[in-house]
Amino acid sequence: SVIIVAGITPPLLGDYLPSKRDAQPGIENDIDALANKQREQGYPEHLVRVNSIRFGFSESYKKAGSNIDADYLFDDSYSLISYLPKALAIGLFAPFPNAWLGTGVEYGKTGRLIAGVETFVMYIVILLAIFTALRNRTRSVIFVVLSILIGTTALGLTVINVGAIYRLRYIFWILTIVLGMKAVLDILSRFAISRSSLDASR
């Protein structure tokens, strides 16, 4: 089910793209100039910061083959908020299944395939983590879940390159794995208890 959600998320959320970057002469490669221009136009500071980070990544990964919405910036707070569901999906699930068998610019088909296998395994871990979150609603579990959701959403919001997201989100994947392993231990414990009860009844 997680794989299906990850696969259909991009087209379903395609309408929530922020506005296209305004290509003004003299500022295309200058983050400070872009930030100053947006401040002069009355952009809130949080928008300026997010747009500057996105702009910086888009310039750093111009020739990359795994960019998502690289040429888009946010016009207002509403466009940023409406993009959050897609940012979460990107930060948590990218690279999406439709890219697993493609050919990457830097690492070719092998790199895409390895990333796809690892991401597929993480989809299963995410399901196990959801199991843990639903069955153990303690403060510590809630804190870890919120950290994962906030962190991956922030990555999807500001980082336009899937390869960079793939590397930067490892800390959040580690937290996800911790929750997933808790689910595995709970399942094994229940299995052991039920088996012991069955043996005792014989």
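Me: What makes the largest nonpolar core, and which residues have the most contacts inside it?

Reply: The largest nonpolar core has 31 residues, and Phe-74, Ile-90, Phe-93 and Leu-157 have the most contacts inside it. A nonpolar core is a set of buried Ala, Val, Leu, Ile, Met, Phe, Trp, Tyr and Cys residues joined through side-chain atoms within 4.5 Å. Buried means under 20% relative accessible area, exposed over 50%, partly exposed in between (1.4 Å probe, protein chains only). Among the elements giving two or more residues are α3 (45-60) and α4 (77-93), and α4 gives the most, with seven. Helices are DSSP runs of H or I, at least four residues, and strands are E runs of at least two, numbered from the N terminus.

This is a predicted model: local features need pLDDT of at least 70, side-chain atom pairs count only at pLDDT 80 or more, and totals for chains, interfaces and linings use all residues. Residues are numbered from 1 along each chain as its sequence is written, and side-chain values use heavy atoms, with hydrogens and water left out.

Me: Why is Asp-69 called buried?

Reply: Its relative accessible area is 14%, which is under the 20% cut-off, so Asp-69 counts as buried. Asp-69 sits in the loop between α3 and β2, with a positive phi near 55°.

Me: What makes the bond between Ala-94 and Pro-95 cis?

Reply: Omega is about 0° there. Pro-95 is in the loop between α4 and α5.
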